[in-house]
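This report covers one chain. It goes from surface patches to overall fold, then to salt bridges and a loop position.

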Amino acid sequence: MMKKIPRRQLIGQFEYELVLKPDLYTLRHTQWYYFRVTNAVPGITYKLRIVNLLKRDSLYNHGMRPLLYSENDAQEKQRGWVRTGHHISYSRNFTNHNCPLLQRGVTYHMLEWQMEFHNADDTYYLAHCYPYSFTDLKEDLEVLMNSEDRAQVTRRQVLCETRAGNSCFLITVTNFASKEEKKGIVISGRVHPGESQASWMMKGLLEFITGPDPEAQELRNKFVFKIVPMVNPDGVIVGNYRCSLAARDLNRNYRHPRRENFPVIWHIKNMVDELSKTCEIALYCDLHGHSRKPNVFMYGNNTSMEADSTPVGTARAFISERLFPWLMSLRSPEKFHFKSCKFQIRRCKESTGRVVMWRQMNIFNSFTLEATFSGTVLDR
């Protein structure tokens, strides 16, 4: 993942205004950041202000803080990313006409916070969410495949190449030695490059499902997992928040993707179609991040609206479409919030993965799993 390096403007002696670069070939999607700070004076309170954010509200107004990484602390104290900052506010920017780098007529919002840098001669990094790069993915997959036990239940292949020539990986996990009939499960993630929490969830999933836990072994006996861990590596590499190199949101192009324009989406649908010819697909889940709500939750489809119109048929579909998220909330009540789940399809979501996998590919349990950029509030 490239650093989302903002342009900076010194306002006061220790006060800076930062302007984020938009997604490549767009004028939009300025929300995610990742940049470096050097030559900071220890013990001084700095004020930083990102002035060209576009969302009207943010979790920064509800307790979220920026992330900080110190190279010295990592080396000397084995300390990684930590939350930082105080006097944090997220509000509308009414002074954008004073900045020549901003477009006139656009409503911007700004994130402002104060912080201290405690070490001399240190290099710091600030980020919107814990970074996870394409290189991180390749290294994690290499570690997985170099494990003798995990490699026995795992197959790694290149699903296709992206428009920039990067590999989009497909991971198959199952008990290959078992000849029993299995169902399929399809899981994808990181279609939106700035939602790096999707990659951390995917890392945990791969470590668990390929591991020695008896529940993982039972799942491998009963299911074939088809996993696309990073749908949009091009966007991750260039530091985009939402789009591909074609300046398009890939999760709005599942319905009729052209192979030459959206090769990854086309190949995912083709893979799902081929899998459905050999087994029933029990679940499709696409991993995402959410910038305005806490906790973990799911979006499903209002399948009951198109089910058997009898009261019994409608009730059965109503319960069935909520069953998997309900089980998630029972297994992880400290993180998963069932009341935040939604089971409806807005018009702008008709071409998303979860809707298309249900309507076109006939996968009843088709969901988007959302994890907050902030944290859980359920255990407080």
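## A nonpolar surface patch

Which residues form a nonpolar patch on the surface? They are L323, W326, L327 and L330, with about 390 Å² of accessible area together. Patch members have over 30% relative accessible area and no salt bridge; nonpolar side chains (Val, Leu, Ile, Met, Phe, Trp, Tyr) are joined within 5 Å, like charges within 9 Å. Accessible areas come from the Shrake-Rupley method with a 1.4 Å probe, and for residues only the protein chains shown count as cover.

W326 is found in helix α8 (residues 311-331). Its relative accessible area is 42%, so W326 is partly exposed. The classes are these: buried is under 20% relative accessible area, exposed is over 50%, and partly exposed is in between (1.4 Å probe, protein chains only).

## Basis of the model

The model is predicted: local features need pLDDT of at least 70, side-chain atom pairs count only at pLDDT 80 or more, and totals for chains, interfaces and linings use all residues. Residues are numbered from 1 along each chain as its sequence is written, and side-chain values use heavy atoms, with hydrogens and water left out.

## A positive surface patch

R56, R292, K342 and R346 form a positive surface patch. Lys and Arg count as positive and Asp and Glu as negative, while His and the chain ends are not counted. Each charge is placed at NZ of Lys, CZ of Arg, CG of Asp or CD of Glu. R346 sits in the loop between β16 (342-343) and α9 (353-359).

## Overall fold

The chain has 9 helices and 17 strands. Both are DSSP runs numbered from the N terminus: helices are H or I with at least four residues, strands E with at least two. The radius of gyration is 22 Å, close to the 21 Å that the globule rule gives for 380 residues, so the chain is as compact as a globular protein of that length. That radius is taken over C-alpha atoms, and the rule is 2.2 Å times the number of residues to the power 0.38.

Along its principal axes, the C-alpha trace spans about 70 × 50 × 45 Å. Of the 380 residues, 51% count as buried.

## Salt bridges

The whole structure holds 21 salt bridges. Each is a side-chain nitrogen of Lys or Arg within 4 Å of a carboxyl oxygen of Asp or Glu. One of them pairs E112 with R49, the closest N and O atoms being 3.1 Å apart. E112 lies in strand β8 (residues 109-116) and R49 in strand β4 (residues 45-53), so the pair ties together parts that are 63 residues apart in sequence. Both residues, E112 and R49, are buried.

R156 bridges to E142, with the closest N and O atoms 3.0 Å apart. R156 lies in strand β10 (residues 154-161) and E142 in helix α2 (residues 134-145), so this pair links parts that are 14 residues apart in sequence. R156 is partly exposed at 35% relative accessible area, and E142 is partly exposed at 37%.

K277 pairs with E274, the closest N and O atoms being 3.2 Å apart. K277 is exposed at 59%; E274 is partly exposed at 41%. Salt bridges that share partners also join E15, E17, K47, R49 and E112 into one network.

## A loop position

A247 is in the loop between α6 (233-238) and α7 (263-276). At 26% relative accessibility, A247 counts as partly exposed. A247 and A164 are 83 residues apart in sequence and 13 Å apart in space, C-alpha to C-alpha.
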